[in-house]
Amino acid sequence: NQTSEFCYEGESAGCRSPTTSKNLIKGGIVVNAHHQEVADVYIEDGIIVLVQCKIKVGDDVIVIDATRKYVMPGGIDPHTHLGMEFMGSETIDDCFRDQAAALAGGTTMHIDFALPINGILSAGFEAYTKKARMACMDYGLHMAVTKWDEVVSRDMEILVKEKGINSFKFFLAYKGSFMINDELLLKGFKKCKTLGVVPTVHAENGDAVAERQKRIFDLGITGLEGHGLSRLPILEGEATSRAIRLASFVNVPLYVVHVMSIDAMEEIAKAQKSGQEVVGEAVVSGLVLDDYALWDPDFTTAAKYVMSPPIREAGHGKALQAALSIGILKLVGTDHCTFNSAQKALDIDDFRKILNGVNGIEERKHLIWDTMVESGQIFAIDYVRVTSTECARVFNIYPRKGAILAVSDADIIILNPNASFKILSSSHHSRSDINVYKGRKGKGNVEVTIVGGKVVWENGELKVEPDSGRYIEIPPFGHLFSSIGKADVAYLSSLHAPVH
Ligand SMILES: NC(=O)NCCC(=O)O
Ligand SMILES: [Zn+2]
């Protein structure tokens, strides 16, 4: 029984009784992305009804004291791979387990990447829906596009209009599997524009990576240092620049996932300066880790750090933190994609075959608080923005998600800035025996997680219920599209020629 370590509603005397439909969070510092104030938050039937000072309630309401603590919207992770089949293996945790871990870390929604099956988008969507049957938190989906034909084009339309997908992912890396060429990228961008949905790119030049991988391997470098040596920052910068320029050519917004290098970040900054709508996503690993361990002679130690684009050498992370604090990078995800040490060690003689992916869904909120807020680089309101609200805005689910406002879903965390956290692979909620953040400690602890008005994490105890999470359909034409029409009109009038 994969979920037996968690306490289910109704199964254990230690659990809070089934959903109480009325809660009051009392006396905390309520933080939204635009404002913070001391207030109470009153919740009924999973929805925030009132945010105000000194709300009076009856005896039927459960009161949660949040004095001197921060009351914030639950985290939203824009980039996860739960229960993912990848490079011939499947991640160690299923959706339920990963989501339970997320809740323990203060994340109450994620947007996962569904992959097509044999290039067929609708099949990939159906498969994901089945995989997520046990979901214990709300989730949305991005869908990857890995080939192009009439069926793919039609499926994109159906997924947007009937299934609540509002973003598609294009891989410029992983030659021979997910990678697409520029012709497909252009077709995909144009289709996204017509549908009013966000194109996202994994930006590494897959041809050049494959070429350099061969060269490094032929030089006799078979160990994991070869991973970083072949997936260079310049190749991330090139692909980022290419995607940005092609998005500008089509006049569509662009979302660059997991920005890992100064090279890519500077391309994004340049485009933003010229007025282009480009969203850069940081991930926790890129912000707080460096690639030193890839040279570790112990394979298991090095293997924990392998993801793509790679975790970079010291210096990139600090620069990415600065970019996050001044808004070049707009939000933080995880790229959570967890394999255990045995899976990572399936092919130890060829760095090209190692499973790519690191954990982070449980650790993100703590690490970003400590790294960015505790260090003085951003304030609590910015923290809410980069770990929750901005994702809701970009993907058009604000203010239902990402806010503590009357009408928002009651997905809320209580963070104690004076408490501390320590990350251990023995106490994390993943089934994996490894954790790339193992041993990290810092200030700021998520003491309570409330999802849909229900307390699911409190006093270090998780009380989750399978099948309590919902698939959140996301509508197209979010705010990123607000100036696209004007730019098209400007383009047509700039032609100085009669047009139909
Ligand atoms: N990033 C990574 O290494 N694994 C997950 C797949 C992807 O996002 O490229
Ligand atoms: Zn990813």
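Modeller: Before we start, one definition: a residue is buried if 20 or more other C-beta atoms lie within 10 Å of its own, and exposed if 12 or fewer do. Also keep in mind that this is a predicted model.

Colleague: Which ones are buried?

Modeller: They are Arg-364, Lys-365, His-366, Leu-367, Ile-368, Trp-369, Thr-371, Met-372 and Val-373.

Colleague: And what does the backbone do just after α13?

Modeller: Gly-376 sits there, with a positive phi of about 85 degrees.

Colleague: Let's move to the sheet. What is the strand order?

Modeller: This open sheet has eight strands, ordered β6-β9-β10-β11-β12-β13-β14-β15, and the pairing is parallel. At the edges are β6 (75–80) and β15 (329–333), each pairing on one side only. From one strand to the next, the twist averages 30 degrees.

Colleague: Which strands of the sheet does α13 touch?

Modeller: α13 packs on the sheet and touches β6, β9 and β15. The direction of α13 makes about 110 degrees with that of β6.

Colleague: How many bridges join β9 to β10?

Modeller: Six bridges link β9 (residues 107–114) with β10 (residues 138–144). As one example, Phe-113 has His-142 in β10 as its bridge partner.

Colleague: New topic: the largest nonpolar core. Which residues touch the most other members?

Modeller: That core has 147 residues, and Val-41, Val-71, Leu-103 and Val-256 touch the most other members. Helix α1 (residues 95–104) gives the most to the core, with seven residues.

Colleague: What does Leu-103 touch?

Modeller: Leaving out residues up to four places away in sequence, Leu-103 touches Thr-108, Cys-136, Met-137, Thr-449, Val-451, Val-456, Trp-457, Leu-462 and Val-464.

Colleague: Now the ligand. Which residues are around ligand 1?

Modeller: Around ligand 1 you'll find His-81, His-202, Met-307, Ser-308, Asp-335, Cys-337, Asn-356 and Gly-357. By class, this shell has two nonpolar residues, five polar and one charged.

Colleague: Last one: where is Glu-211?

Modeller: Glu-211 is in helix α5, residues 206–218. Because Glu-211 has 14 C-beta neighbours inside 10 Å, it counts as partly exposed.

Colleague: How far apart are the C-alpha atoms of Glu-211 and Ser-230?

Modeller: Those two C-alpha atoms are separated by 8.3 Å, with Glu-211 and Ser-230 being 19 residues apart along the chain.

Terms used
Residues are numbered from 1 along each chain as its sequence is written. Chains are lettered from A and ligands numbered from 1 in the order in which they are written. This is a predicted model: local features need pLDDT of at least 70, side-chain atom pairs count only at pLDDT 80 or more; totals for chains, interfaces and linings use all residues. A residue is near a molecule or strand if its C-beta atom, placed from the backbone, lies within 6 Å of it. Ala, Val, Leu, Ile, Met, Phe, Trp, Tyr, Cys and Pro count as nonpolar, Asp, Glu, Lys and Arg as charged, and the others, Gly among them, as polar. Helices (H or I, at least four residues) and strands (E, at least two) are DSSP runs, numbered from the N terminus. A nonpolar core is a set of buried Ala, Val, Leu, Ile, Met, Phe, Trp, Tyr and Cys residues joined through C-beta atoms within 7 Å. Two residues are in contact if their C-beta atoms, placed from the backbone, lie within 7 Å. Two strands pair if DSSP finds at least two bridges between them. Axes are lines fitted to C-alpha atoms, for helices over the stretch in contact, and angles run from 0 to 180 degrees between N-to-C directions.
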